Structure formats: structure tokens, C-alpha cells
Amino acid sequence: MVTIGSAFTPTDGIIYSASNVKLKIGSNVIPSAGSLHLTESSCVWSCEERNASISIPWPRVGVHAISSVPGEGIFVMLDINLVWPGFYEARPENNGNAHPDEDEPGEDDEGHDSDGSETAMTEMWFQPASAEIVEQIFSAMRECQSLNPGTDVSEDEDYMEAEEDDLQEVGDMRNLQLDDEDKFADAEE
């Protein structure tokens, strides 16, 4: 769960910290810079001047990347529609480009039904005052995310055994050769 509250500095499991980092959420730039703390369990941005902070658990971070737009920094995509009163109000129609899709609201994605929860997301940018530390922040984020694998990672032994069984069953298919034109003569185009 994303936690929003008063400014604080985490003390446990800190992997990397940087001060004087601006935060942009969607199209809103928080006017005051804050401190970015990357811990083993979450990404924390805290602003003493505005007495506000946000703590994002790593499993909520779907994507992170180095970005040059709107300035040198880190782009982060959360898998939720964030609401932070006084800072950012989520737009459920967010289309992944930090702008509402005004062309055809409510259109299904490639003909698939959607209940809205599949598209819930928020785009954020962390912009440090010094572009020289962007790579360090990115590397620390990558390390932190590796400590928190997503829910799609399975350690179920049945799953692993099924995978091994499947490999044995398809062993003969590895020798299939496609250079014999007669093998597919009856195939329809």
C-alpha cells in the first residue's frame, strides 16, 4: 500500500539517498524539492518544507527508467491511480501518457473488455538537481526491485515439475526440419 503522510526519513534498509530531488506526478510538479530514499522495501520521497512524504512499496512500481523528458531524471510508473490531496488528483482516464485520452473515451483496448482496474496507473518523475546522479538512482532502484520480485514469480514446485515435463514431451520436436517442401504441401495458405 502506498503511504502518504508527514515528512520523514526512513532508518531501516536504506540502499540509496539523494537530497534536492523534484517530484512530478502526472502533469503536476511539486514546487518544493525533497529527499529521495530508496530502501529495501520502498521508494520514499519526503519534503520537509511542505511536511509531506510518499512511500511506495516496490511491488507497486511497474516500470522505472532513465528519462530526459521533462528533464534528466527517473521515470516511474505505478500500478495504481494515485490520489494525494493537495498534490495530485488521479485521473482514471490516464492513458499512459500523463494526459487524458480525449479521442474516444471508454474504448476497449484492442477489443478486449476492461474493468478499469487493468489500466490503473500513475506516472511519476524524480528529477535530481544534479544529472550526474541519475544513473546511481537508476542502479539503486534496479537493486531494490530485484529484492522485491512481483507477484507473478512462482516458486511452486508443481510449476517447476510441469515445466520439466513439458520439455521432455517436446524433445522430439527439436529435430523437426522445415526444409522438406512436401511436409506442408497440403497446408492451406
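1. Strand β9 is largely enclosed by the rest of the structure, because seven of its seven residues are buried. Both faces are covered. On one side sit T122, M124, F126 and P128; on the other sit E123, W125 and Q127. In a regular strand, side chains alternate between the two faces of the sheet. The model is predicted, so every point below describes a prediction.

2. Which strands pair with β9? β2 does, running antiparallel to β9 and joined to it by five bridges. Within that pairing, L23 stands opposite F126 of β9. β8 pairs with β9 as well, in the antiparallel sense and again over five bridges. There, L78 has T122 of β9 as its bridge partner.

3. The overall layout is quickly stated. The chain has two helices and nine strands. From the N terminus the order is β-β-β-β-β-β-β-β-β-α-α. Of the 189 residues, 34% count as buried. Among contacts with a separation of 6 or more, 62% are between residues 24 or more positions apart. The chain exposes about 12,200 Å², and carbon and sulfur atoms supply 46% of that area.

4. The largest nonpolar core holds 34 residues. L23, L38, W45, W84, F126 and M141 have the most contacts inside this core. Two or more residues come from each of β2 (14-25), β4 (34-39), β5 (42-47), β6 (52-57), β8 (73-78), β9 (122-128) and α1 (134-146). The biggest contribution is from α1, with six residues. In soluble globular proteins, nonpolar side chains tend to be buried together.

5. M141 deserves a look. Beyond its neighbours within four places in sequence, M141 is in contact with L38, C43, W58, H64, I74, V76 and F126. Two of these partners, L38 and F126, are themselves listed with M141 among the core residues with the most contacts.

6. H37 lies in strand β4. Is H37 buried or exposed? H37 counts as buried, because its relative accessibility is 7%, under the 20% limit. The side chains of H37 and S17 are joined by a polar contact of 2.8 Å. Leaving aside residues within four places in sequence, the contacts of H37 are T9, P10, Y16, S17, S42, C43 and V44.

7. Now the cysteines. The structure holds zero disulfides. C144 is in no disulfide; the nearest cysteine sulfur belongs to C43 and is 8.3 Å away. A disulfide is a covalent bond between the sulfur atoms of two cysteines. C144 is buried, at 0% relative accessibility. C47 is also buried, with a relative accessible area of 0%.

8. N148 is in the loop between α1 and α2 (157-169). What does the N148 side chain reach? The side chain comes to the backbone oxygen of E40, at 2.6 Å. Setting aside residues up to four places away in sequence, N148 touches E40, S41, W58 and P59.

9. P31 is in the loop between β3 (28-29) and β4. P31 counts as exposed because its relative accessibility is 53%, over the 50% limit. Not counting residues up to four places away in sequence, P31 touches K22 and R50. P31 and R50 are 19 residues apart along the chain, and their C-alpha atoms are separated by 9.3 Å.

10. V69 and P70 are joined by a cis peptide bond, with omega about 5°. P70 belongs to the loop between β7 (61-67) and β8.

11. Two asparagines have a positive phi, a value noted here in residues other than glycine. For N20, phi is near 60°. N20 is in strand β2 and is partly exposed, with a relative accessible area of 45%. For N51, phi is near 45°. N51 is in the loop between β5 and β6 and counts as partly exposed, at 46% relative accessibility.

Methods
Residues are numbered from 1 along each chain as its sequence is written. This is a predicted model: local features need pLDDT of at least 70, side-chain atom pairs count only at pLDDT 80 or more; totals for chains, interfaces and linings use all residues. Side-chain values use heavy atoms; hydrogens and water are left out. A nonpolar core is a set of buried Ala, Val, Leu, Ile, Met, Phe, Trp, Tyr and Cys residues joined through side-chain atoms within 4.5 Å. Buried means under 20% relative accessible area, exposed over 50%, partly exposed in between (1.4 Å probe, protein chains only). Helices (H or I, at least four residues) and strands (E, at least two) are DSSP runs, numbered from the N terminus. Contact means heavy atoms within 4.5 Å. A polar contact is a pair of N or O atoms within 3.5 Å; within protein, one must be able to donate a hydrogen and the other to accept it, and residues adjacent in sequence count only if both atoms are side-chain atoms. Accessible areas come from the Shrake-Rupley method with a 1.4 Å probe; for residues, only the protein chains shown count as cover. A disulfide is a pair of cysteine sulfur atoms within 2.5 Å. Two strands pair if DSSP finds at least two bridges between them.
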